[in-house]
Amino acid sequence: MAQVKLFGYASKISIKPAETLEFHVNADGTTLAQAQLVRLIHGDQHPSGPGFVEEEIACEANGEWVVRKQYTQLGSFLQVADPQARLALEGSLTLCAFVYSSLPLAGLRQALVGRWHNQRNFGYCLGITQQGHLEFWVGQGDQVDYVQTEVPLLPDMWYFVAASFDATTGRATVHQESVANRYNSLLGRVSPIDYRSHVSEVFRFRQKHLPDTPFLMAGSRDWHETRGEFVSQTFCGKLDRPAVFDRALGWDELALLMKGEVPTGNGLVAYWDTSAGYTDQGIGDTVIDTGPHGLHAEGYNRPVRGQTGWNWNGRNDCFRLAPHEYGGIEFHYEVMISSNWEVTRSVTLPANLKSGAYAMRLRAGDGRGLGEEYIVFFVRPLKPKAPIAFLFPTASYLAYANEHLSFDAQIIQPMTGQPPIVTDIDIEMYKNKEFGLSTYDAWEDGNGVCYSSYHRPIVNMRPKHRISSMGITWQFPADLSIVAWLEHKGYDYEVLTDEDLHREGVAALAPYRCVLSGTHPEYYSEQMLDATEDYIAGGGRYVYMGGNGYYWNVAFRPAEPWIMEVRKLDSGMRAWNARPGEHYLATTGQKSGLWKNLGRPPQKMVGVGFIAEGFETSRPYRRMPDSYHRTVDWIMKGVEGEMIGTSGLAYGGAAGIELDRYDLSLGTPPHARILASSGGHSDNYLLAIEEILYPYPGLSGSQDYRIRGDMVYFSAPNNGAVFCGGSIAFGQALPADGFKNNVSTVLGNIVDAFIQPGRLPGAFWVNNEKQWR
Amino acid sequence: MANFWRNPLFGWGVERAEEQTPTNEYRPPQEPWDATTGAKVEMLPVGRLRRYYKWPGHGGWTWNRKRYWPTRRRVLNIRGEYNPKTLRREKTIADKRPIWWVLAFIFLAIAPWIMPLDYQSTLLTAGATFAIYASVNLVWMLIIGTAGIFSLATYAVVGAAAFGTAWLSINYGLPWYVLPFIGAAVGLVFGVIIAIPATRLDGFYYALLTLGLNELCRVYALTSKVFGSSTGGLYGASSYIPDSWDDLNQSRLAYFACVALMIAALILFRFVNGKRIGRILRMAPEKREAFAEATGVNFRQARILVFVVSSVALGFIGGFYTAHYRGVSFSIFSFDTVLLGVAMLVIGGIGRAEGAVAGAAIVIFLDKALISLGPIRLILIGLIMLGVVLFLNGGLFGIKPQFRAWREKKKSERRSTRAEKGGEMLPEEATETRDKDLIYWRRYDKMQRDYLKKLVSPALIAEHSRCPLGQHSEALERLLLYFRRAPLSDKYAIIAVEPFKAYRIVALSGQRGVAPRIVEEKTYASQEEAYHGVFMRRVQDLLES
């Protein structure tokens, strides 16, 4: 019997009671699964904590579900809407485009532009062979005829490529010439390479067409008996301004197009001006045909728009400045953004559902390992009532969704200082490209992943999951430790997600007196940052529970909040580096990268910001002298001794993994107090890269005083306040020793004070307060 | 006296941080660098000269490629590439066989006019015989080479068709031009008969069966009055060679007719071996039928088809044989004819058209043209065959790849005698490495390992065992940093069989999509034990490298 595997995702990540949620499930080795709605309370199985805790909830959908195998389309491509089949050219034709192949030797055939049916062999296509040569082919069903260039395309070089076919003589010609300049390609003028090739042959027959084959760019139509129609021969690299003519153009005419002349009139069927339709606020998925018929193309799996084009010359650094130099659309042959599976079950949630983190638990087979799936979603209240909100950093979950670091990143073991601990689920994810990648990974051609979506199974957004490279819980399962603490303390709380914050702004936070962040809210859009800042400035009390937060600038499209974009560039602890000229988010037109480098260091909003990371040990905090001042000593009520957080589920301490530090030079409010600081970090803790101008020996834990987590408190306008835990491990220290620890005591003091309306203790340090304190 | 390392975190009260930890004496990391200057490995100048002419590229010119009408095959299979050493554009004729064939055809066409006059008739006769045998061999090669079935019934089919047509021609006066077609019909019958067992029997048994069939034909013809047991064969059939022509012209006509037959056989070979059916047959040779079947290939149908096609062709040749020799003798069924045929195939090389033809040329030249040597020429053929079988893998035409493989083997043997174990690259390997950065990495890695090997000590192992994670002594930290930075393929990791209860050690693949493999049976009860298990394996690998 085949191994039973269950994976799925929900159509929405944030939902209210009584609303309907669609579940998409893929099953291997079974047709039935047992479903159970559960509320998730604690997600870390570490023996020092309460273990995994869930609560089964009555729901109409509980019970047996019929599940089946689902297929996933890999690869990004453009599909042309051509209802009149104007591109089903049966006679002479010419195809041309600018192309930048990032993996000509992918080992697979790659289609560039054409109307081609891969299984039936009908149509025409210009593509790249397994050996990396440009090839033009036509088919009439039983046979295929082809002509290819003399030399292979070299990787990461811009070429002008064309194929012309004269139906009267049968002569087919392929052309390739380099359009590399000093900036746009990998190799410079000093490499003695002749890139040109023009090869001509006489074909034996003319192409025939099937009525419903679509015209595709960066892929071709295929068919399989169990799967039906799909797209294969997907392409790795960039395409710029492809055009189709219904006559055979000579090289004299093509050479003018190669120089950048806009194709017009005589015989032009379609000209996709890939740089058309750009706005100051970003670029969509539609590629506009400025030719006579307006045959616009639609992107699938988010081809990356606004990338440097064949004519980019280094002067402009953004598509907003010079759209015509940014006509490059980047494709990857194995990219997977959204699974687009069929709906397995639509579920209407119970109307009385308490706000919290929920999951549809599916079990089949033995119900363990691969036979168990938790499809996680977050339920907001119908109307906010509680004083406390816990904000799940779902944008950061997206950034790390299905990360492959343990398997693919050579640097991860030296970074984390330990061998990874993988599970069957991690291995299953690694074996199948259908899970897609995270923004910590690179596609096969080495380019970083800039989009991530939750419309796919996310194995690390589940309870019980441990990040294999670090051997601890990370993001969602770690954040459940804070939820468990709120539950344990009996606080009246509700939950929110980054998605709500992004869409509703400060209105999402405003009803709450106190908002707690997740352990690692690293990815923030401008809307989210503005909302948080406005909330604090407007009198909100904010608890920044984690480390390395408010770090990367990311973007979402309003209509597609499930896909996040980030570009990693130039500075910051980053898994990849965007290419020169490609530092702006196609989604919004903003520059991506670190908020610090955009003028908004996290210190400016929450008082602390990222300083160092290390992974094999955590440390406690030790009270700083400022914490004894009467304005803040209420926070330390009940803390015995100087040490805070000597235990924890993340490496046994409250200060660890990623540390945040107070820094006046980066905008920490001048009156902020350092209540406690960690110390004694090992040399695995190294200074964050954006803090380093010149590296020199001694930038590690045991030798640099800056490497520490700072527990910081400051008051904000309108009775607002901010408390910072100072490190990622802070939240995971809460459940240690049955929640009886002084991290819990400190946070309890904070939350108890924050949920009281009116003035905070010690807020103004006025005379009457001095007297009663 | 033991050395001690003072943990800088001891003062911070870090758990398990000892004030002082026994450790190694300091060794300067540049030790192996100094040692390497004394290496005695001989560095030989390298750089192989090109053996073949490389044609320059077309550059900006349009290259009009010609095809064999009406196919889509280009006249020559030419590979265009960049020379990795110079980046010069080069074209290489990847398959030069069409050139050799054209030269061979030209030679065959003008041969009758350039032969020494004294031997003209002998050579023309030998040429005709060669072409007939080559034709038979080509068709036979479809069975033995392409289908990989050891059938010895070839001459039985040819002979049966020849006898049948001769008998018909003599008794019913059939004209010569129908004989090959009647022969083909006889062949068809025979083909069906021998094809059926071929789908069931294999190897030795099938060879025996077909040899038996051959022998049956011989004995039958030998004892049958109808087939001329008294005259040693049937003679007096109709022939395409006009009696009115003089001897020389008759010989020339016969020669060209036979060459034309051979060209027809070559075309047949190309259309069977080089097309879909040929591919099916070659992927389903004996002993691998099950694999072919599992992949959905209907090899039985292909085998029956190839038997039928080749038997029809052999029958056609049999009919032609009659029309050529005006009859046929029993010797066509004799065992030495079969052996001579096998000798031709083996000498030329199984599975190739050029092998079938060249093998025939060599054997026929020895057998027929050097007839003056007497019986010694048969011993010569035997010796050549013995030599080919003993020393060559694929006959004469397998010499080139065999020689290349042998030379590569010798080269790597020589290199391995000079290379230090696990050492850096030698010029031979380095110059063939695309990314020159790897050459330095190998050097650096070797230095690292040479140094780190000397650091491994019981004190360090004990230190790691006490505290696998956290701050370590300088020596242990160096060792761990090296281990952690290793490339991903075969890098150790841990798999959680049951979290916090059972762990095992695996090795990562380093190749996306390929799962890690389990490297040992042992199960560790805690993460820390597993960390130490990984460390011990890494230490062992380092010491063994």
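A: Start with A:S200, which stands opposite B:N64 in β4(B). Three bridges join strand β15 (residues 197-202) of chain A to β4(B), and the two run parallel; strands pair if DSSP finds at least two bridges between them. Helices (H or I, at least four residues) and strands (E, at least two) are DSSP runs, numbered from the N terminus.

A quick word on the source: this is a predicted model, where local features need pLDDT of at least 70 and side-chain atom pairs count only at pLDDT 80 or more, while totals for chains, interfaces and linings use all residues. Residues are numbered from 1 along each chain as its sequence is written, and chains are lettered from A and ligands numbered from 1 in the order in which they are written.

Now step back to the whole contact side. 46 residues of chain B are in contact with 42 residues of chain A (C-beta atoms, placed from the backbone, within 7 Å). Elements of chain B that each supply at least two residues to it include β4 (62-64), β5 (77-82), α18 (474-484) and α19 (527-544). The biggest giver is β9(B), with five residues. By type, that side of chain B has 26 nonpolar, 12 polar and eight charged residues (Ala, Val, Leu, Ile, Met, Phe, Trp, Tyr, Cys and Pro count as nonpolar, Asp, Glu, Lys and Arg as charged, and the others, Gly among them, as polar).

Terms used:
Two residues are in contact if their C-beta atoms, placed from the backbone, lie within 7 Å.
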